[in-house]
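Please keep the sequence and the coordinates at hand while reading.

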Amino acid sequence: MDSDVCKLKQILEQNPADFSEDFSQFLLSDPQNLKQLSKLINELEKVKIAAPRLNNIHEADLLDNASTTQSQHETISSDRTQATVQKNVQEQVGLNQQTETNQHARVDEHIKLDENIQQNCAEPLVDLDQFHTSSENTNSVGAISETQNITLDLHTTLQLAPILQVEQQVVADQAEPTSAFATEPNLENKPTIDSENISSTPEIISSETEKNRLEIESVFRRSKYEDIKFQVENARVGQHYQSQISVISQHDVNQLTFKSESFKFPDTSFYFDEATQRIHGEPLQADSIGFSFQFIADGETRSAQCRLNIIADPRSLWKVIEPESGQKFSKPHLDQALIDAVDYKIIAASRRGRSHEHAGLFRDDDFSITLIDNTPWSVLTVADGAGSAQYSREGSRIAVEIVENEFKNYLNPHTVESLIADLEKWQVGSQDAETVAVAKKLNEQFHHVYYEIYKSIINQIKLQAEQIGANTKDFSTTLLVAVVCKLADKTFISAFSVGDGAIAVYSEDNVRLMNVPDGGEYAGQTKFLDLSIATEFPNRLKIGCFKDTHAIMLMTDGISDPKFETDSGLSNFDKWQSLYRELDPLLQNEAADIALLEWMHFFTAGHHDDRTMAVLWNKHSTISV
């Protein structure tokens, strides 16, 4: 078969003018196509639908050696011999099949005829032995001939290439046994062939050749699109859909024309737009639908089918399950608070994350905000209970509650007066000696307060764990604190942090991070408020004094992770600016706490933790557009 393919390839390459460009390109583009053509030619040869040129045929070639009339020695006239031979030749040219018995009885004649034919068909592609196949091959030829309705005459066979080694069998007229030829040829009375009829054969064959060649090319041209495959993009429930039809097989979609009126969708929300050559729709529910259509290729209209997958809205896949009743330390799924001062608002909100809703767990986050009465001092705190800790929701509650109570005690009128006197000496942006001295003094004071708060939280968690027979690690939590003093010309902040999340002072042209998030060896890992941080406690405090402050924001990783993605993203001012522009319209609302709580329900794939945020927002700040 490989030698046949090589011969076909050689013929197509050396004789480009004999075949159409599409036909040749289709065959040469894939060796498998050449193999199929070679097989088709071999099978067609077995049907014997081609005939050789009829010159130089001897009388001996026309005699039936198996005749039973050997005893007759009557001399047949030259005229009758010529007429009978010519009749037999004409009948044989129209034959399409021959019985296996006659084939074996005429092996000698085959060999002689093959020699004559090979003289007219240079470089035969296939050997004669290849044509004498089993009856199984003969049956398959019949199926091919019936389904594809392909016919070839002699000239078509020879035009396809010098590739068919044609068999020719001429049989005697067995219908008249009394007129049978003698078994021994009379060479002196050799029959002659009507030269006028033979000379007209090429003209007859020429018209049929083009017709049959076009039929064969048409078969292969149609098969070029039998394995074409189409694909469209996936749709998503609740989102407008549009997609081009692409071809994922080795075909050029630009050579196809889609018939817009032929598109049939089971879902009426989809249609094909002829102007844009795209499928449009408004999918309403998740499904996988099949649709049919027609396209035009090489002037022929063909039908095709394709599938369109409609993906469910990820939000609809999340369940909202209530925690089992009777559990210790229950906590509401939502919480919010608002303090409206003269020049600023303090807003906080916290909500259970989708992952906890889906699993039927409580919210682990917590917060507290407080404005010290009759002072410019306020305290903002957020805490994120460890998801792996059974009672972390109680640990976060204990932490924020102790922070609020301790600072209420610390920021008494006497302390407030002393602190403000020191802050008035702080020159923002200056490194003069007095400013440095004031900063050092304030840092030491707040260090002492934070350390006392830290010890109180650790002791309270230990006591709670002992009461229920649990481990203190079951109450693990992070903690972010910002103590703020809003003066007329400056804003002072003292920050403390353990764990991930963010504390930031935002203004129109920059952002100052007031914590360094604690990251673990793996994603999602962090540090928690426990005895291990005692030795590094001083590094967890930061203080600063700023002008033109728009907002001070504290948030757990349920917000910082989807909005900033990585710890390095927290240093990206553009991300902070984008976040503030989302929040600013909400914070102007009279019910800013409710607006913030609703905003927290935003959807970001892969980020479904509890979300908590506390903001001190300056009412007089403006956004430059």
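## Chain totals and model basis

Of the 625 residues in the chain, 46% are buried, where buried stands for under 20% relative accessible area, exposed for over 50% and partly exposed for values in between, with a 1.4 Å probe and protein chains only. The model is predicted: local features need pLDDT of at least 70 and side-chain atom pairs count only at pLDDT 80 or more, whereas totals for chains, interfaces and linings use all residues. Residues are numbered from 1 along each chain as its sequence is written, and side-chain values use heavy atoms, with hydrogens and water left out.

The chain exposes about 32,600 Å², an accessible area from the Shrake-Rupley method with a 1.4 Å probe. Carbon and sulfur atoms supply 47% of that area. Its secondary structure comes to 19 helices and 20 strands; these are DSSP runs numbered from the N terminus, helices being H or I with at least four residues and strands E with at least two. Among contacts (heavy atoms within 4.5 Å) with a separation of 6 or more, 73% link residues 24 or more positions apart.

## Confidence

The predictor's confidence in each residue is given by pLDDT, from 0 to 100. Its mean over the chain is 78, and 69% of the residues reach 70 or more. Where pLDDT is low, the predicted coordinates should not be read in detail.

## The six-strand sheet

Six strands form an open sheet in the order β10-β11-β20-β19-β16-β17, with antiparallel pairing; two strands count as paired if DSSP finds at least two bridges between them. Strands β10 (334-340) and β17 (511-513) stand at the edges with a single partner strand each, so one side of each is left without a neighbour in the sheet. Direction ignored, neighbouring strands of this sheet are turned by 10° against each other on average; axes are lines fitted to C-alpha atoms, for helices over the stretch in contact, and angles run from 0 to 180 degrees between N-to-C directions.

Strand β19 (residues 551-555) is mostly covered, five of its five residues being buried. Ala-551, Met-553 and Met-555 point one way from β19, while Ile-552 and Leu-554 point the other way. Five bridges join β19 to β16 (residues 502-506) in the antiparallel sense, and Leu-554 is the bridge partner of Ile-503. Another antiparallel pairing, also of five bridges, joins β19 to β20 (residues 611-618); here Met-553 has Val-615 as its bridge partner. Strand β20 is in turn joined to β11 (residues 344-351) by eight bridges, again antiparallel, and Thr-612 in β20 stands opposite Ser-350.

A second open sheet has five strands in the order β12-β13-β14-β15-β18, paired antiparallel. Its edges are β12 (365-371) and β18 (541-546), each with a single partner strand, so one side of each is left without a neighbour in the sheet. The twist averages 10° from one strand to the next.

Within this sheet, β13 (residues 377-384) and β14 (residues 479-486) pair antiparallel over six bridges, and Ser-378 has Val-484 in β14 as its bridge partner. Helix α16 (residues 433-468) packs on the sheet, touching β13, β14, β15 and β18, and its direction makes about 135° with that of β18. Helix α15 (residues 413-423) lies across β13, β14 and β15 (491-498), running at about 100° to β13.

The axes of α18 (residues 573-587) and α19 (residues 592-599) come within 8 Å and cross at roughly 140°. That makes α18 oblique to α19, since angles under 35 degrees count as roughly parallel, over 145 as roughly antiparallel, 65 to 115 as roughly perpendicular and the rest as oblique. The contact is made by Leu-579, Glu-582, Leu-583, Leu-586 and Leu-587 of α18 with Ala-592, Ala-595, Leu-596 and Trp-599 of α19.

Glu-590 is found in the loop between α18 and α19. Glu-590 counts as exposed because its relative accessibility is 74%. Not counting residues up to four places away in sequence, Glu-590 touches Leu-338 and Lys-345. Glu-590 and Asp-340 are 250 residues apart in sequence, yet their C-alpha atoms are 9.2 Å apart in space.
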